[in-house]
Amino acid sequence: MISTALITLLILMGLAIPVAASMGVLGMVLAELFAFLPVSKAAGEIAWSSSNEFLLVALPMFILLGELLLRSGLAERMYGALANWLSWLPGGLMHSNIAACALFAATSGSSVATAATVGTVALPQARRFGYNERLFLGTLAAGGTLGILIPPSINMIIYAVLTNTSVPKLYLAGIIPGLLLALGFMLVVAIACVWRPAYGGERLRASLAVCISGLVHLVPPLGIFLVVVGSIYAGLATPTEAAALGVMAGIGLAWWTGALSWSMLRTALMGTMRSTGMIMLIIVAAYFLNFVMSSIGLTTRLTDAVQGLGLSKWEMFFAVIIFYVILGCFMETLSLMITTIPVIAPVMAAMGFDMIWFGIVIIVLVETALITPPVGLNLFVVHNLRERGSMNDVIIGAAPFVLALFALLGLLALFPGLALWLPSVLS
Amino acid sequence: MSSPIDSALRVAQRGAEFAALAGGVLILSAAGVVSVDVLLRKFVSVTLGGADELSGYALAIGSTWSFAFVMLSRSNVRIDALYQMMSRRWAAVCDLIALMALLVFASVVAWYGFTVMSYAWEIGSRSNSSLAVPLAVPLTLWWIGYAWFVLCGLVLMLRSVSAMFSRDFDLVNRLIGARSIQEEAADELQTATEILKAKS
């Protein structure tokens with residue numbers, strides 16, 4: 001049964017059948033072959049109940065908020081202000097790239113949006129001030145991945161829905177690892193630039209007065225962060241309600257900067273629905289497939305098979321990391337999460353791993369997947385930004401930052417408290 | 001050249017865009033209603049009640065209304081590792097199979113979704129909440145999205161099959177080919193640069 005399912009899935013995906021359709025058709029095939037009852041009949045009921053879930057409402061709201069922020073010009077001013085503060089470090093503006101990504105990540109739930117927004121603002125500076133272009137590109141691709149680790153995070157919401165864990169706890173758990181990772185990225189830059197000073201370009205010096213007056217531009221992103229994340233812990237709103245408040249704040253900000261217009265809103269809404277429809281179809285298909293898999297006993301068999309391998313807890317941890325690093329090279333990350341987590345998370349829970357902690361591990365692995373070739377969406381985003389040169393430059397530039405991601409995984413394994421301390425203190 | 005299929009496809013495209021926009025407006029309104037609910041609860045200790053339920057319906061309806069748009073703008077995620085290595089002709093064959101698989105799944109959901117919807121009409125079921133929404137209403141709006149999705153898929157299928165018969169593989173690719181990840185990223189950036197240009 002397991003091999004039939006696996007082979008069918010590989011054939012479907014190998015033929016480049018859309019992920020949603022692959023999962024749906026696989027569910028129908030399995031139901032036809034192995035079910036005693038006509039389980040496919042449940043498709044209608046499942047499609048309805050999976051798509052009106054209140055927690056999932058946060059998804060289109062975050063996508064819409066991202067579209068609004070992108071158009072409100074918040075990123076340019078924020079970047080300039082951070083550059084004044086950070087560019088005296090060895091590696092200059094590359095540190096502002098990472099800091100701007102980290103700060104933008106606190107308003108955005110998506111890594112691709114973070115890389116694209118900060119990258120568009122930052123890249124022209126690389127040539128102007130003579131930076132090593134590879135490393136500069138790497139900071140943007142890698143820094144962008146912070147988007148999903150620092151709350152809010154679309155991927156955490158999806159993980160929460162798939163594993164029945166708490167979004168507020170996941171958000172809190174992501175904060176310390178997110179900040180650590182940003183520092184880790186900066187450390188990579190500093191080491192590279194101390195080792196090869198030519199990598200860092202001309203350093204900018206700004207007077208203290210300029211530095212301080214620039215701080216005003218950090219207010220809007222922090223304000224959005226307070227609305228979409230702070231309101232949850234102030235006991236004001238649930239994650240979905242916070243996302244809705246965020247959309248209102250985003251509209252307010254766009255109006256304030258003069259970016260709001262009907263045509264802008266229309267484009268933002270169309271973009272939102274393109275991503276929402278794409279994700280929701282995968283989610284509906286995944287729920288259907290999971291339903292079929294558990295009613296024919298496939299889920300239990302898979303879990304038993306994995307446990308039958310007799311791996312110890314930490315051997316299992318390494319196996320999972322290798323599994324995700326390899327798959328992450330070839331798969332788009334949302335589909336990767338939705339297809340694998342329903343099977344893997346129960347196994348990890350049974351082995352005694354904390355599900356919040358495991359969520360953060362998964363997010364860090366997804367970040368790795370975003371910057372590992374051949375399929376790493378952030379690499380492509382950054383590559384497209386510069387209209388010349390080879391894709392390999394970005395891949396090579398991002399490679400040292402993968403080490404920082406692995407180091408973070410190691411730290412999370414050694415000190416689970418990095419993720420679990422904040423949620424335990426604050427809830 | 002403007003055959004009936006071409007005009008049908010244009011109608012489908014325009015309709016799908018309109019439906020997706022309407023879905024977006026639903027989501028935006030849901031954000032508004034939920035925000036008002038939160039603020040009233042906090043500052044006036046009044047609750048509208050049911051904002052969460054209504055926004056759930058908005059998501060269900062909005063997403064089915066955008067499915068056709070997602071399909072027509074070739075935005076469904078496909079794993080293209082092998083696909084990229086194929087010749088135009090074999091890629092086109094895969095594209096047709098992919099569209100067929102999508103249609104089969106959508107039709108099955110629409111088929112059994114119809115049962116769910118008509119049952120709600122029959123017994124007049126209401127939601128188990130203070131609003132007691134007659135479920136037939138959101139279910140019908142939701143189901144229309146699937147029906148429209150299947151209908152657009154059939155039109156797209158007809159056009160692609162006819163392109164296939166005239167061996168116009170480029171057209172097949174433009175209609176239903178997988179967007180390469182480069183195209184995907186280029187789009188993301190085009191938006192970003194347009195915005196920057198609009199500002200300067």
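Which side chains meet in a salt bridge with an N to O distance of 3.0 Å? In this predicted model, the partners are Arg41(B) and Glu241(A). The pair crosses between chains, with Glu241(A) placed in helix 13 of chain A and Arg41(B) in helix 1 (residues 4-43) of chain B. The two partners fall into separate classes of accessibility. Glu241(A) counts as buried because its relative accessible area is 7%, under the 20% limit. Arg41(B), at 33% relative accessibility, counts as partly exposed. Across the interface of chain A and chain B, the rule finds one salt bridge, and seven residue pairs are found there in polar contact.

The interface itself was examined next. On chain A, 71 residues are in contact with 71 residues of chain B. About 6100 Å² is buried between the two chains, and carbon and sulfur atoms give 80% of this area. Of the area that chain A buries against chain B, 13% is supplied by Trp48(A), Met273(A) and Arg274(A), more than by any other three residues. Several helices of chain A each supply at least two residues to the side that touches chain B, among them helix 1 (2-14), helix 2 (19-34), helix 3 (43-51) and helix 4 (58-71). Helix 7 (111-128), helix 13 (239-256), helix 14 and helix 19 (377-385) are also included. Helix 14 gives the most to this side of chain A, with 15 residues. By class, the side of chain A that touches chain B has 49 nonpolar, 13 polar and nine charged residues.

The largest nonpolar core has 234 residues, of which Phe136(A), Leu146(A) and Phe358(A) touch the most other members. Helix 14 (residues 262-295) of chain A gives the most to this core, with 19 residues. A second, separate core has five residues, including Ala16(A), Tyr83(B), Cys94(B) and Ala178(B). In soluble globular proteins, nonpolar side chains tend to be buried together.

The surroundings of Leu146(A) were then considered. Neighbours within four places in sequence aside, Leu146(A) is in contact with residues including Ile98(A), Cys101(A), Ala102(A), Ala105(A) and Ser111(A). Gly178(A), Leu181(A), Ala182(A), Phe185(A) and Glu367(A) are also among the contacts of Leu146(A). One of these residues, Ser111(A), lies in helix 7 of chain A and counts as buried at 3% relative accessibility. A polar atom of the Ser111(A) side chain lies 3.4 Å from the backbone nitrogen of Ile148(A). Not counting residues up to four places away in sequence, Ser111(A) touches Gly144(A), Thr145(A), Leu146(A), Gly147(A), Ile148(A), Leu370(A) and Asn378(A).

Helix 13 of chain A, which holds Glu241(A), also contains Ile251(A). Ile251(A) has a relative accessibility of 19% and therefore counts as buried, the limit being under 20%. With neighbours within four places in sequence left aside, Ile251(A) is in contact with Leu68(A), Leu260(A) and Leu28(B). Leu260(A) is located in the loop between helix 13 and helix 14 of chain A and is partly exposed, with a relative accessible area of 30%. Leu260(A) touches Ile251(A), Ala254(A), Trp255(A) and Leu265(A), not counting residues up to four places away in sequence. Although Leu260(A) and Ser72(A) are 188 residues apart in sequence, their C-alpha atoms are 7.8 Å apart in space. Ile251(A) and Pro400(A), 149 residues apart in sequence, are 38 Å apart from C-alpha to C-alpha.

In helix 4 of chain A lies Arg71(A), which counts as buried at 8% relative accessibility. The side chain of Arg71(A) makes a polar contact of 2.9 Å with the side chain of Glu67(A).

Over all chains, the count comes to six salt bridges. One of them joins Asp95(B) and Arg78(B), with the closest N and O atoms 2.9 Å apart. Asp95(B) lies in helix 3 (residues 88-123) of chain B and Arg78(B) in the loop between helix 2 (51-72) and helix 3, so the pair ties together parts that are 17 residues apart in sequence. Asp95(B) and Arg78(B) are both buried. Another salt bridge links Asp170(B) to Arg88(B), the closest N and O atoms being 2.2 Å apart. Because Asp170(B) lies in helix 5 (residues 169-176) and Arg88(B) in helix 3 of chain B, this pair ties together parts that are 82 residues apart in sequence. Asp170(B) is partly exposed, with a relative accessible area of 40%, and Arg88(B) is partly exposed, with 46%.

Terms used. Residues are numbered from 1 along each chain as its sequence is written. Chains are lettered from A and ligands numbered from 1 in the order in which they are written. This is a predicted model: local features need pLDDT of at least 70, side-chain atom pairs count only at pLDDT 80 or more; totals for chains, interfaces and linings use all residues. Side-chain values use heavy atoms; hydrogens and water are left out. A nonpolar core is a set of buried Ala, Val, Leu, Ile, Met, Phe, Trp, Tyr and Cys residues joined through side-chain atoms within 4.5 Å. Buried means under 20% relative accessible area, exposed over 50%, partly exposed in between (1.4 Å probe, protein chains only). Helices (H or I, at least four residues) and strands (E, at least two) are DSSP runs, numbered from the N terminus. Contact means heavy atoms within 4.5 Å. Buried area is the accessible area (1.4 Å probe) that two parts lose on being put together, summed over both. A salt bridge is a side-chain nitrogen of Lys or Arg within 4 Å of a carboxyl oxygen of Asp or Glu. A polar contact is a pair of N or O atoms within 3.5 Å; within protein, one must be able to donate a hydrogen and the other to accept it, and residues adjacent in sequence count only if both atoms are side-chain atoms. Ala, Val, Leu, Ile, Met, Phe, Trp, Tyr, Cys and Pro count as nonpolar, Asp, Glu, Lys and Arg as charged, and the others, Gly among them, as polar.
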